[in-house]
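Me: I have a structure open here and would like to talk it through with you, piece by piece. Could you start with the spaces inside the fold and then move on to the sheet?

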Amino acid sequence: VMLDTVQDEIMHCRRCPRLRAHCAHIAEIKRRAYREQEYWGKPVPAFGDPAARILILGLAPAAHGANRTGRMFTGDRSGDWLYRALYQTGLAAQPVSVSRDDGQQLRGVYITASARCAPPDNKPTPEEIRNCRPYLERELELLGHLRVVVALGRIAFDNYLDLLKTRGRISSRSAFVFGHNRQFRIEAGPPILVSSYHPSQQNTSTGKLTEKMLLDVFWTAKKLAGL
């Protein structure tokens, strides 16, 4: 099974009726600024380098971001922060990501999410995240060169730890305390987990997360990944 096959399955997934209905509804009503655009309006595939050494795990597509553009972290403020940081650390070909056909390429990086559909109020339910988890498990299996997982935000961090515990890769979660730019080595071997505050508007507009703080995460990840 190739990564492309998994992404094709994701795009046709119907495991969460609430999320599918929400994505389609947003794609219909649109935001005034984008009313001339055709929204993607379905589960969003992962994006990046199949030979990636760094996996970036986010929360879920934004209603008028990835749900509009069809590419992870593309078309919203969070994505603007993320791709700028990736470009500045030499992990992306361009400082911006605006559409699926803008020529953006990632170098050694693969971006995925805990939930692949835009959820109401940016809050997927625990059950919806669990429904989506098999896709993440398969991506992790197929990305054979991974050295580092960067979890953006606490929900992604918790989801990844749940996955490790379910698979017997960690015996306990007590040693894993979420914080910004923290590194955790897994008993069963790589990848190393790096936790980061999410580049959400709430965090960036209040100064809880600065550009330098986000850059530091990717310099750390790059070094740990040997890139």
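Reply: Before any volumes, a word on terms: a cavity is a set of grid points where a 1.4 Å probe fits but cannot get out, whereas a pocket is an open set. Please also keep in mind that this is a predicted model.

Me: Fine. How many cavities of 30 Å³ or more does the structure hold?

Reply: The structure holds one cavity of that size, 30 Å³ or more, and the volume of the largest cavity is about 100 Å³. Its lining is made up of 15 residues, and those closest to the centre are Cys13, Cys16, Leu19, Cys117 and Cys132.

Me: Which elements give two or more residues to that lining?

Reply: Those elements are helix H2, residues 17-29, and helix H5, residues 126-142. H5 gives the most to the lining of the largest cavity, with four residues.

Me: And how do the residues of the cavity lining divide into nonpolar, polar and charged?

Reply: Nine residues of the lining of the largest cavity are nonpolar, one is polar and five are charged.

Me: Staying with H5 for a moment, is arginine 133 buried or exposed?

Reply: Arginine 133, which has its place in helix H5, is buried, because its relative accessible area is 12% and the cut-off for buried is under 20%. Leaving aside residues up to four places away in sequence, arginine 133 touches Asn159, Asp162, Leu163 and Thr166.

Me: Now the open space: what is the volume of the largest pocket?

Reply: About 980 Å³ of space lies in the largest pocket. It is lined by 34 residues, of which Ser78, Asn122, His198, Ser200 and Gln201 are the closest to its centre. Helix H4, helix H6 (154-166) and helix H7 (201-205) each supply at least two residues of that lining, and the lining residues of the largest pocket divide into 15 nonpolar, twelve polar and seven charged.

Me: OK, changing topic to the sheet. In what order do the strands come?

Reply: Six strands form an open sheet in the order S1-S3-S2-S4-S6-S5, with mixed pairing. Strand S1 (47-48) and S5 stand at the edges, and each has a single partner strand, so one side of each is left without a neighbour in the sheet. As background, strands of a sheet pair through backbone hydrogen bonds, either parallel or antiparallel.

Me: Why is S6 described as largely enclosed by the rest of the structure?

Reply: Strand S6 covers residues 192-196, and five of its five residues are buried, so the strand is largely enclosed by the rest of the structure. Both faces are covered, with Ile192, Val194 and Ser196 buried on one side and Leu193 and Ser195 buried on the other.

Me: Which strands pair with S6, and in what sense?

Reply: Strand S4 (residues 148-152) runs parallel to S6, and five bridges join the two. Within that pairing, valine 150 has valine 194 as its bridge partner, and valine 149 has leucine 193. Strand S5 (residues 182-184) pairs with S6 in the antiparallel sense over three bridges, and arginine 182 stands opposite serine 195 in S6.

Me: What about S3, is it mostly covered or mostly open?

Reply: S3 is mostly covered, as five of its five residues are buried. Val109, Ile111 and Ala113 point one way from the strand, while Tyr110 and Thr112 point the other way, and all of them are buried.

Me: Which bridge partners does tyrosine 110 have there?

Reply: Tyrosine 110 in S3 is the bridge partner of glycine 48 and also of leucine 55. On the strand level, S1 and S3 pair in the antiparallel sense over two bridges, whereas strand S2 (residues 54-58) pairs with S3 in the parallel sense over five bridges.

Me: Last one: where is the place of aspartate 101, and is it buried or exposed?

Reply: Aspartate 101 has its place in the loop between helix H4 (77-88) and strand S3 (109-113). Its relative accessibility is 69%, so it counts as exposed, the cut-off being over 50%.

Me: What does the side chain of aspartate 101 join to?

Reply: A polar contact of 2.7 Å joins the side chains of aspartate 101 and serine 99. As for arginine 71, which is 30 residues apart from aspartate 101 along the chain, the C-alpha atoms of the two are separated by 9.7 Å.

Conventions:
Residues numbered from 1 in each chain as written. Predicted model: local features only at pLDDT ≥ 70, side-chain atom pairs only at ≥ 80, totals over all residues. Heavy atoms only, no water. 1 Å grid on protein atoms, 1.4 Å probe; cavity = no way out; pocket = protein on both sides within 12 Å on 5 of 7 lines; lining within 4 Å. Points joined across faces, edges and corners; volume = space filled by probe spheres on them. Nonpolar A, V, L, I, M, F, W, Y, C, P; charged D, E, K, R; others polar. Buried < 20%, exposed > 50% of the residue type's maximum accessible area, 1.4 Å probe, protein only. Pairing = 2+ DSSP bridges. Polar contact = N/O pair within 3.5 Å; in protein donor to acceptor, adjacent residues only side chain to side chain. Contact = heavy atoms within 4.5 Å.
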